[in-house]
Every structure is written in C-alpha cells, then in structure tokens.
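Hello,

Here is the structure I promised to pass on to you. Please open it beside this message as you read.

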Amino acid sequence: MAAVLVVTTGATLFQGANASRSGMIPRAITTQSLLASTESHLPFLSAFGRDAEESSDFLKTDVINCVDLPVRSGADLFPSTVDEVYNLISATFSGIQQSSHPRRRPGCMIISGTDSLEELAFALSLWLSPYIEKDGGPVVVLTGAMKPSDHLSFDGAGNVADSLRVLGSNDTPSGVYVLMNEAIHSARYVRKDDSQRIGAFQSHPGPIGYIRRGRPMWYYRPLESSHVAPGVSLTIPPIPKPQLRSILANIHNPFGRFNVPLVTISFPAPDPPNSSTPLPHGIVIACPGTGSLPTSWLEALSPAWTSRIPVVLVSRCATGGNYDDVAYKGSKEKYRRKGFLLDEYEGLNPIQARILMMFRLAIAETTWSDSKL
C-alpha cells in the first residue's frame, strides 16, 4: 500500500482566470474537490477512506493527510515555506516507517506554483536525500498547472491524476520528481524553459519517464541520492547516509539564513566588487560559455574574496559544464589555483548552484565542518 501526504502551497492550478481590480486572483477550486474529481478515474486511489483496488500495476493508494499551506504565488515561495514542507514530509515519512504497518510505502504529492517549482523540487531533493532508498523507498512528486482552473486548456487535473499514478505505481523508483504535461522529470535536472506553454518544463538529457496508457513508463533510473550531478556528491567529502539524516534533521531554515547573491556576467560586464562591498556568505557567478570570468572580476575576487568565502563559477547556459579542459587546456586550473570552486558544482545551472551552496553552508554550520563548500 502507498500512503500519500498531499501538500499545497498555492498555485495557478487552484486559481480562476479573472483577477479582481486589485489584481488578486481568487481561489476557484479546493484541494478536496480536485482529489474527488480525480478519484473516479483512479480505481487504486482512496482519497476519502473509500475502498480502492490493488492491481498488478498499482498499489492501493491512501491519501492519509492533506495540508493546505497559505496560498501564494510561486514567485512568493519563502524559505519558511520550504521549511514547512520538509517538516511535514519528514514527520510523515518517519511516522509511517516507525508505524505498525512498515510495509506501507511513503509518498507525497506537492501542488505548487510553477514559477518556482524547479527551485522547490531541487531544494527538497537535497534535503530529503537520506530518505531515498534504492528499492521501495519514499516517492515525492511535485506538480502544478500552467493554466488557471477555468481556462479552456486547464492542465491541472490531469497533472494531479498523473502524479497519483506515479505515486501508486509498483515500478516507481524512490526519488523526487516533477510531473508536468505527462512528462516525469528528475528534480535534479528539471527547469522551466517557457513562461506560458503547457510544455514549459524540460530537463537534460530529457524526461526520466512519461505517462503512457495510464501508467508511468520509465526510460532510465534517477541518480543515486548522494549525488547532485554525475560525479558531484551532495557533501564534500561524502557523509554516510545515517549520519547525514541525523544532521539534516537538525538543520533549520537552510535557505533563509545565508546571503548568497547570484551574479550573471553579461555584456557589458558589470563592475566587480571593491573593498567597500559587504562580504556575503558566498557568491555564485554565472559566466558566459564554459565559465569565462572577465579579468576585472578575477583580480577583484582573488584572493580578497576566494580566501574568505566560497566563490563558485558556473555557466550561464541552460546546460553544459563550467570548464572544458579538452578543448581549452588549463581552463579549470587557472581558476582553481586562485581559489574559485568549479568541480564541486560541475553540471549545475546557476539557480541550482546557489541552492546547493546555501545547503552546504547549513551543513557546515551544523557540523562545524571544514568541508569544501
């Protein structure tokens, strides 16, 4: 049996298309009515304690709790909201695993605004990584809608139904996913590529699976939970999972306590920091191409900043690495010897690198560790 927690943080999915003169968009449907409308299409789902069927494809799936956090736009995703979502999930998962029915597989569906869905998914994939197991472990699916509930092209009900299909499937690997438009994306790779289209969400090298014939079909397995990207560990050096779970359980508000600006280098390059610029906890710089930093920034940051805080260089491109030592010999070493961090954030986009840095800062603070950030 799959035991599913439903959490909502406010989303286009619940809104009507017509805003009032004040610009406020009313909530047009409730979570309960949404679940009730999908229940009749999913015979394995018990949203309100009714009988559900077990089949060869799907576990009997019980919605054990439904929590509506204060409705807000995806643009107003606060660190405290991420805290609340994590605490709800971890408490629910721990409760299920310690209950008299340990064979129940924990699951969670999060309905959130799409403006910040990729950030919430990536942050939770880091924080929940100790819970992710190879076989039979918890499953978290984030979803939402690109169109309001009364729009002709409303996609929310279908996304919710498909998310429940993923949560109820016997074949779903333990992990954190984003489901939009019948595509199942790994939380580590997903990004919003378009501001309006139904198919706005993409991932590289592609979706990890699709909904076909009413069930999820998987094309490849997700990364191990201890890795953020191929070759990049969640912590440096890696921390054993039992110890990491204990550390993460004691972290509070990892994404709201650290000042980590994200600076994009574009033409013409902005002025670099100077001696009067306040020192942040860390900084992520999105550079052109494979992480090319202007000389003025290189000289301003090294060693004045690189000797005191983590300074990360990533590519501002949607995909690709932050160095290329094959085509451009020495492109990594010229920055590393000046104190810049590259390997530790390889393969991440600027948004992901910033979230990972804040997360590592929180771990280092909790453990008083000298680990590389």
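Below are my notes on its salt bridges, cavities and cysteines.

First, the ground rules. This is a predicted model, in which local features need pLDDT of at least 70 and side-chain atom pairs count only at pLDDT 80 or more, while totals for chains, interfaces and linings use all residues. Residues are numbered from 1 along each chain as its sequence is written, and side-chain values use heavy atoms, with hydrogens and water left out.

Salt bridges

I took a salt bridge to be a side-chain nitrogen of Lys or Arg within 4 Å of a carboxyl oxygen of Asp or Glu. Counted that way, there are eight salt bridges. For burial, buried means under 20% relative accessible area, exposed over 50%, and partly exposed in between, with a 1.4 Å probe and protein chains only.

One of the pairs is arginine 191 with aspartate 193, whose closest N and O atoms are 2.8 Å apart. Arginine 191 is buried at 15% relative accessible area, whereas aspartate 193 is partly exposed at 42%. Another pair joins aspartate 194 to arginine 197, with 3.7 Å between the closest N and O atoms. Here aspartate 194 is partly exposed at 25%, and arginine 197 is partly exposed at 45%.

Arginine 257 and glutamate 365 also form a salt bridge, their closest N and O atoms being 2.3 Å apart. Arginine 257 sits in the loop between helix 5 (241-249) and strand 14 (262-264), and glutamate 365 belongs to helix 8 (residues 350-367), so this pair ties together parts that are 108 residues apart in sequence. Helices (H or I, at least four residues) and strands (E, at least two) are DSSP runs, numbered from the N terminus. Arginine 257 is partly exposed at 31%, as is glutamate 365 at 39%.

Cavities

A cavity is a set of points, on a 1 Å grid over the protein atoms alone, where a 1.4 Å probe fits but cannot get out; its lining residues have an atom within 4 Å of a point. Grid points are joined across faces, edges and corners, and a volume is the space filled by probe spheres set on the points. There are two cavities of 30 Å³ or more.

The largest cavity has a volume of about 150 Å³. Its lining has 14 residues, and Gly175, Val176, Arg188, Pro222 and Leu223 lie nearest the centre. Strand 6 (residues 175-180) gives the largest share of that lining, three residues. By class, the lining of the largest cavity has six nonpolar, six polar and two charged residues, where Ala, Val, Leu, Ile, Met, Phe, Trp, Tyr, Cys and Pro count as nonpolar, Asp, Glu, Lys and Arg as charged, and the others, Gly among them, as polar.

The second largest cavity has a volume of about 40 Å³. Among its lining residues are Glu118, Phe122, Asn349 and Ile355. Helix 3 (117-127) and helix 8 are the elements that give two or more residues to this lining.

Cysteines

With a disulfide taken as a pair of cysteine sulfur atoms within 2.5 Å, the structure holds zero disulfides. Cysteine 66 is in no disulfide, and the nearest cysteine sulfur, that of cysteine 108, is 10 Å away, too far for a bond. Cysteine 66 is partly exposed at 23%, whereas cysteine 108 is buried at 0%.

Best wishes

Definitions and conventions: 1 Å grid on protein atoms, 1.4 Å probe; cavity = no way out; pocket = protein on both sides within 12 Å on 5 of 7 lines; lining within 4 Å.
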